[in-house]
Amino acid sequence: MASHDAITTATAAPAAAVPEVAPVFHPTVWGDFFINYNPEPLQMSEERMTERSNQLKEKIIGLFPCSTIVEQLYLVDTLQHLSVDQHFHEQIDSTLRSTHAGEFNSSSLHDVALRFRILRQQGFWVSPDVFSKFKDEDGAFHVNVTNDPRGLLSLYNAAHLFIHGETELEESISFARRHLESMEGRLEYPLAEQVRRALHLPLPRTLKRVEALHYMSEYKQELMHNSSILEFAKLDFNLLQRLHLKELKALSRWWKNLYREVGLNYSRDRVVECYFWAYTTYYEKEYTHARMILAKIIAIIIMTDDTYDVRATLVECKQLNEAIQRWEENATSLLPEYLQKFYLKLMSTFKEFEDELKPDEKYRVAFSTKAFQILSNNYLQEAEWFHQNHKPRFNDQVKVSSVCSGGPWVCVGLLVGMSDTATKEALEWALGCTDAVRACAEVTRFMNDLASFKRGKNKNDVASSVECYISEHGVASEVAIAKIGSLIEDAWKTTNQARFELPELLLPAVQRVANITISMPFMYDDKTDAFTFSSRLEGTIKRLFVNPIDF
């Protein structure tokens with residue numbers, strides 16, 4: 001979230017006045033679009049769509065008990081791939097528990113890898129030894145496997161759920177990738193497209209809703225496709241899109257009022273992109289409240305980050321941090337005039353979060369406040385490093401800048417509005433910034449830094465992790481970039497491992513944190529920062545929130 005990619009540097013202005021500076025970042029590509037947008041009527045009324053959707057849902061539920069284990073796995077995979085699995089939670093959970101407990105003797109690499117991937121993604125441990133049957137005594141895959149593109153694709157995707165120490169799965173990735181690349185030009189649609197996407201970004205690291213848009217057009221080409229499932233997926237997508245549009249309209253109005261009232265015109269105007277980031281965490285109907293709170297938290301992160309990075313002097317950074325640590329209205333006396341409105345708006349927004357929660361949920365906001373205070377302390381540390389012209393050691397830089405990515409606060413903030421998932425234990429785990437939360441922060445930081453390094457530094461910012469590694473170890477940039485890449489892979493292993501190692505009650509929170517991590521390869525694809533340079537997201541946002549699916 002926190003970016004190293006401003007386009008120019010703001011000039012200093014008198015501390016007592018609202019800064020009259022040119023925007024550091026390009027303007028929003030959306031303007032008031034979502035405030036004013038009124039979608040065309042759909043092919044049928046929402047009431048009729050809901051009624052038809054409920055009929056199809058009952059029909060799909062009926063598919064579970066009368067299927068073989070392999071057919072059940074295909075069904076679960078299809079529902080997940082089309083992003084409608086949330087409607088069949090009980091059936092899928094029962095199916096996977098049964099599948100995990102039972103024997104599975106398939107000789108199909110595709111089927112074995114599919115079972116491995118689905119179970120691991122859902123927190124069920126499966127040993128990589130299940131792939132031994134496809135290898136010879138020396139551990140090399142049998143030759144016939146190299147002529148099975150569907151099996152290789154499944155193996156490639158499944159192996160990306162590796163954890164620390166599973167070198168055999170890392171070797172499986174290299175093996176599958178090499179052979180998929182060699183046959184890519186000879187494959188037919190839709191397998192060719194699925195291979196192309198996976199080689200760019202493996203399925204476990206792909207945004208679920210974006211992949212669903214691709215798969216809706218591909219699924220009808222599958223030999224075992226079910227027209228009822230496809231119709232249900234399209235209806236569900238269009239119904240959810242109408243809900244998301246309403247949320248975007250309300251959030252855009254909130255942001256427009258805040259942005260104008262506070263007057264921090266040097267900050268990134270990216271509320272639609274903030275909403276999109278929250279949406280990658282949870283798109284489901286029941287998480288409207290959580291989604292709106294998280295989008296506002298991400299917007300606050302952006303404004304605070306830009307204040308520390310772009311506008312404030314070191315003295316002002318210290319004043320702002322002291323006020324945030326005190327977290328009381330009379331702390332405004334510490335601040336220059338242009339930050340007083342910002343600070344009061346921060347406090348009132350947190351109060352709004354609390355007012356929106358049930359009495360037994362209000363305590364969650366205190367966790368979010370604490371996470372924000374930790375973030376602010378680390379922002380100040382970065383500011384001090386910059387103003388002192390200090391290049392920290394690599395490990396020190398990563399420790400601070402990972403927090404400054406905003407990832408740890410997002411991992412706490414995503415729980416605030418999440419009903420029963422947001423237990424006190426889950427909030428304490430998230431605030432502790434261990435395992436999957438730390439991994440999320442590291443992936444965010446490292447991918448952002450790689451994007452910044454590729455483009456070159458353009459603003460007053462502390463040295464990135466890439467620069468610190470080069471300086472400390474005296475190596476070429478290519479070596480540092482490779483090292484950062486290996487650390488990103490280590491963070492993915494930590495994320496995968498958290499699904500098995502943590503108590504089962506924490507699994508729903510872990511999965512949402514993993515969703516945030518999964519959004520990072522999309523946001524920083526090809527070492528670019530699509531959030532800051534948000535025209536790169538425009539097409540995706542239109543497909544998800546503006547253009548309905550045709551029947």
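**Buried cysteines and a buried helix**

Modeller: Cysteine 317 is buried, with a relative accessible area of 1%, where buried means under 20%, exposed over 50% and partly exposed in between, computed with a 1.4 Å probe on protein chains only. This is a predicted model, in which local features need pLDDT of at least 70 and side-chain atom pairs count only at pLDDT 80 or more, while totals for chains, interfaces and linings use all residues. Residues are numbered from 1 along each chain as its sequence is written, and side-chain values use heavy atoms, with hydrogens and water left out.

If a disulfide is taken as a pair of cysteine sulfur atoms within 2.5 Å, the count here is 0. Cysteine 317 belongs to no disulfide, and the nearest cysteine sulfur, that of cysteine 404, lies 11 Å away. Cysteine 440 is in no disulfide either, its nearest cysteine sulfur being that of cysteine 411, at 3.9 Å. Cysteine 440 is also buried, with a relative accessible area of 0%.

The part to look at closely is helix α8, residues 191–200, where helices are DSSP runs (H or I, at least four residues) numbered from the N terminus, and strands are E runs of at least two. Of its 10 residues, 7 are buried, so α8 is largely enclosed by the rest of the structure. These buried residues are Leu191, Ala192, Gln194, Val195, Arg197, Ala198 and Leu199. Among the elements that cover them are α6, α7 (167–183) and α9 (208–219), contact being counted where heavy atoms lie within 4.5 Å.

One of the covering helices can be followed in detail. Helix α6 (residues 149–159) packs against α8 at an angle of about 25°, with the axes 11 Å apart; axes are lines fitted to C-alpha atoms, for helices over the stretch in contact, and angles run from 0 to 180 degrees between N-to-C directions. The two helices are therefore roughly parallel to each other, since angles under 35 degrees count as roughly parallel, over 145 as roughly antiparallel, 65 to 115 as roughly perpendicular and the rest as oblique.

From α6, the residues Pro149, Arg150, Leu153, Tyr156 and Asn157 meet Leu191, Gln194, Val195, Ala198 and Leu199 of α8. Sorted by class, this contact holds 7 nonpolar, 2 polar and 1 charged residues, with Ala, Val, Leu, Ile, Met, Phe, Trp, Tyr, Cys and Pro counted as nonpolar, Asp, Glu, Lys and Arg as charged, and the others, Gly among them, as polar. To read the spacing in such lists, remember that an α-helix has 3.6 residues a turn, so residues three or four places apart point the same way.

To return to the helix as a whole, Leu191, Gln194, Val195, Ala198 and Leu199 meet α6, and they are also among the buried residues of α8.
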